[in-house]
Amino acid sequence: MAKNLPVAKQAALVQSKNFSPAEIALLRESYAAGLDDTQLKVFIKMADSMDLNPFKKEIYANVISGRLVLMTSIDGRRKIAHKTGKYLGCKVTLRRKDGTGQILSATALAKKAVGNHVAEFEATVLFSEFDTGRDNWKSKPAVMISKVAEATALRMAFPSLSDTYDEAETEAGFSNDDIPLDTMPAHEHESQAPQQLEYTETAGPDPGEY
């Protein structure tokens, strides 16, 4: 069986247009260490098809409750959007509660050229629905909810992103027992937004007050 072969020979069984057998073997021992043969093949095929590089932390794979979950970093999503030649940028607005400054929601507005027109894709996510109260959600809540909003808007604008999750969404969407958080890319929350991303804040009443 393939799983009984040396790592290098296992990797040679996985075909890739972008990665050599040596690179796949390295993935097998590092970022893809928790995947079985079939899951590794799916991961490599997805990375190839999306032209994302796991070594550059543009795409990740994790096994959650026995299911393969593919995650793209926000940098990976932006890369896909820019490669279409149609991406015109994204504006993220945070909404905070009057008086307390508590984050209520984040709205991302992504723009895309469609023929001679500019199409807008707007996504609003409620902080209460994603906040885990721990890890990066505790230390960098504005960054995390902004990433979820931007990822959602980009997924609306570019359907090729529909099969993957952003790691902020994944971290918020599964319980502590389901996902090993130490596999989440901590560097992602430190990255600087590109010039195409605008960021503003507004204040307003709690949505629950209506």
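This briefing looks at the ring pairs and salt bridges in the structure above. Keep in mind that the model is predicted. A search of the whole structure turns up four aromatic pairs, and the structure also holds seven salt bridges.

**Aromatic rings**
- A pair of aromatic rings is described by two things: the distance of the centres and the angle of the planes.
- Take Y31 and F55: their ring centres sit 6.3 Å apart with the planes at 75°, and edge-to-face means over 60 degrees, so this pair is edge-to-face.
- Y31 is in the loop between helix 2 (21-29) and helix 3 (37-50), while F55 is in the loop between helix 3 and strand 1 (59-64), so the pair ties together parts that lie 24 residues apart in sequence.

**A salt bridge across the chain**
- D51 and K83 meet through their side chains in a salt bridge, at 2.3 Å from N to O.
- This one links distant parts of the chain, 32 residues apart: D51 is in the loop between helix 3 and strand 1, and K83 is in helix 4 (residues 74-83).
- D51 is partly exposed at 30% relative accessible area, whereas K83 counts as exposed at 53%.

**Other salt bridges**
- K111 and E120 form a salt bridge at 3.9 Å, N to O, and K111 is partly exposed at 33%.
- R134 and D135 pair up as well, with their closest N and O atoms 3.2 Å apart.
- R134 is buried at 15% relative accessible area, but D135 is partly exposed at 43%.
- Salt bridges with shared partners also join D75, R78 and E150 into one network.

Methods. Residues are numbered from 1 along each chain as its sequence is written. This is a predicted model: local features need pLDDT of at least 70, side-chain atom pairs count only at pLDDT 80 or more; totals for chains, interfaces and linings use all residues. Side-chain values use heavy atoms; hydrogens and water are left out. Rings of Phe, Tyr and Trp (its six-membered ring) pair if their centres lie within 6.5 Å; planes under 30 degrees apart count as stacked, over 60 as edge-to-face and the rest as tilted. Helices (H or I, at least four residues) and strands (E, at least two) are DSSP runs, numbered from the N terminus. A salt bridge is a side-chain nitrogen of Lys or Arg within 4 Å of a carboxyl oxygen of Asp or Glu. Buried means under 20% relative accessible area, exposed over 50%, partly exposed in between (1.4 Å probe, protein chains only).
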